[in-house]
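Hi there,

Here is the structure I promised to pass on to you. Please open it beside this email, and then read on for what turned up in it.

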Amino acid sequence: MAENAVPRETVLALRDAIARLERDRPSGSCLPTLKTEGEHAGFSASGRFSTVQDDVLPLGVPALDHAMSGGLPLKGLSEIRVAETRDAGAATGFTLGLAALCQARRKAQGELGPILWISEPMAGQEAGEPYGVGLSLLGIDLRAALFSRPRNLQQALWIAEAALGFSVFSAVILEIRGNPARLGLVESRRLQLRSMGSGVPILLLRQAGEEETSSAHLRLLVRPAPAAPFMLPDGTMLSTGIGHPAFHVIAEKTRAFSPVDAYLEWSSHARRFYPLDSVAVPLPANAADPVAVLPASVGRPGGTPALGRVVAYKRAS
């Protein structure tokens, strides 16, 4: 045995202690077990939000919820990343949809839980500042939305950790860029423990970041997806129209055995996610790759508003 080697008895004792802590972890742990239908809070078959207490928030997308062991962990660190900066808008929209669901859950319990969005300087310079009207359309209550722009990443981490000490928040969003050395395994562990203690979920929004080791038990890769076609009042479909925001979400780090990907859209009227089934169709002969065509959002709550009456004006010249 080397002079500085740890005795075998000590190693075995530490393993037993860790196993005991894992077995006796509190009910607020961010490692949820898969629940049967009706045991968790979320959207029922009628589309209404349930106020049943739970540690996960189902998104209403069966494949993704199953991969996440029931839904988004409400206590703990969850990471949403994009591989390229050009996809930052998709990840931001998806993250804000999750935050809107968290806020709706608190409202269903009779509380107006604010959302705190912390953006480090480099991330804000690349992706831009939040737009109030857009946040409102996504379902964020602007009366309970706070935005923090710290000077550097160190301040951003300090603000996030301090905010997680208060259970008043519905969710905390920490937006960063890349894979900074200041946010490693130790820092992510501190955020994880803080979130578990207060019961406030923290969503780490990572721009142009690679996969790395962290304490987050959930990591989702978000890519943009083609929106469903636009429908006219007479039922005519316009292939060039823009429908609800659509996302391609890949569950990279979950308790599932293999990555799971799903297509989903966010309804700004119903304020919830809907699953989409993508179908690959061939392009013309001069095109090389197929394109994913998503089904239209027909018959869902809200629908497409009527265009109204078209008024023609005389030419000015």
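The protein chain exposes about 17,400 Å², and carbon and sulfur atoms supply 55% of that area. Accessible areas here come from the Shrake-Rupley method with a 1.4 Å probe, and for residues only the protein chains shown count as cover. Please keep in mind that this is a predicted model: local features need pLDDT of at least 70, side-chain atom pairs count only at pLDDT 80 or more, and totals for chains, interfaces and linings use all residues. Residues are numbered from 1 along each chain as its sequence is written, and side-chain values use heavy atoms, with hydrogens and water left out.

Of the 317 residues in the protein chain, 42% are buried. Buried means under 20% relative accessible area, exposed means over 50%, and partly exposed is in between (1.4 Å probe, protein chains only). The secondary structure comes to seven helices and 15 strands; these are DSSP runs numbered from the N terminus, with helices (H or I) of at least four residues and strands (E) of at least two. Among contacts between residues at least 6 apart in sequence, 70% join residues at least 24 apart, where contact means heavy atoms within 4.5 Å.

Now for the sheet. Nine strands form an open sheet with mixed pairing, in the order E5-E4-E6-E7-E3-E8-E11-E12-E13. Its edge strands are E5 (145–148) and E13 (272–276), each of which pairs on one side only. From one strand to the next, the twist averages 25°. Two strands count as a pair if DSSP finds at least two bridges between them. Strand E3 (residues 77–81) and E8 pair in the parallel sense, over four bridges. In that pairing, Arg81 stands opposite Leu221 in E8.

Helix H3 (residues 88–108) lies across several strands, including E3, E4 (115–119) and E6 (171–177), and runs at about 175° to E7. For such angles, axes are lines fitted to C-alpha atoms (for helices over the stretch in contact), and the angles run from 0 to 180 degrees between N-to-C directions.

Next, the charged side chains. Side chains of opposite charge can pair when their charged atoms come close. A salt bridge is a side-chain nitrogen of Lys or Arg within 4 Å of a carboxyl oxygen of Asp or Glu, and a search of the whole structure finds 13 of them.

- Arg206 and Glu79 meet with N and O 2.7 Å apart. This pair links distant parts of the chain, with Arg206 in strand E7 and Glu79 in strand E3, 127 residues apart. Arg206 counts as buried because its relative accessibility is 1%, and Glu79 counts as buried because its value is 1%.
- Lys107 and Asp141 have their closest N and O atoms 2.9 Å apart. Lys107 lies in helix H3 and Asp141 in the loop between H5 and E5, so the pair ties together parts that are 34 residues apart in sequence. Lys107 is partly exposed, at 38%, whereas Asp141 is buried, at 10%.
- Glu252 and Arg219 meet at 3.0 Å, N to O. Glu252 lies in strand E11 and Arg219 in strand E8, so the pair ties together parts that are 33 residues apart in sequence. Both Glu252 and Arg219 are buried.

Glu252 and Arg219 also belong to a network of salt bridges that links them with Arg81 and Glu211.

What about backbone angles? Most residues other than glycine have a negative phi. Ser69 is not a glycine, yet it has a positive phi of about 60°. Ser69 lies in the loop between helix H2 (62–67) and strand E2 (72–73), and is buried, at 10% relative accessible area. Ala208 has a positive phi of about 45° although it is not a glycine either. You will find Ala208 in the loop between strand E7 (202–207) and strand E8 (218–224), partly exposed at 24%.

Finally, which residues form a nonpolar patch on the surface? They are Tyr131, Val133 and Leu137, with about 340 Å² of accessible area together. Patches are made of residues with over 30% relative accessible area and no salt bridge; like charges are joined within 9 Å, and nonpolar side chains (Val, Leu, Ile, Met, Phe, Trp, Tyr) within 5 Å. Val133 sits in helix H5 (residues 132–138) and counts as partly exposed, at 46% relative accessibility.

Happy exploring!
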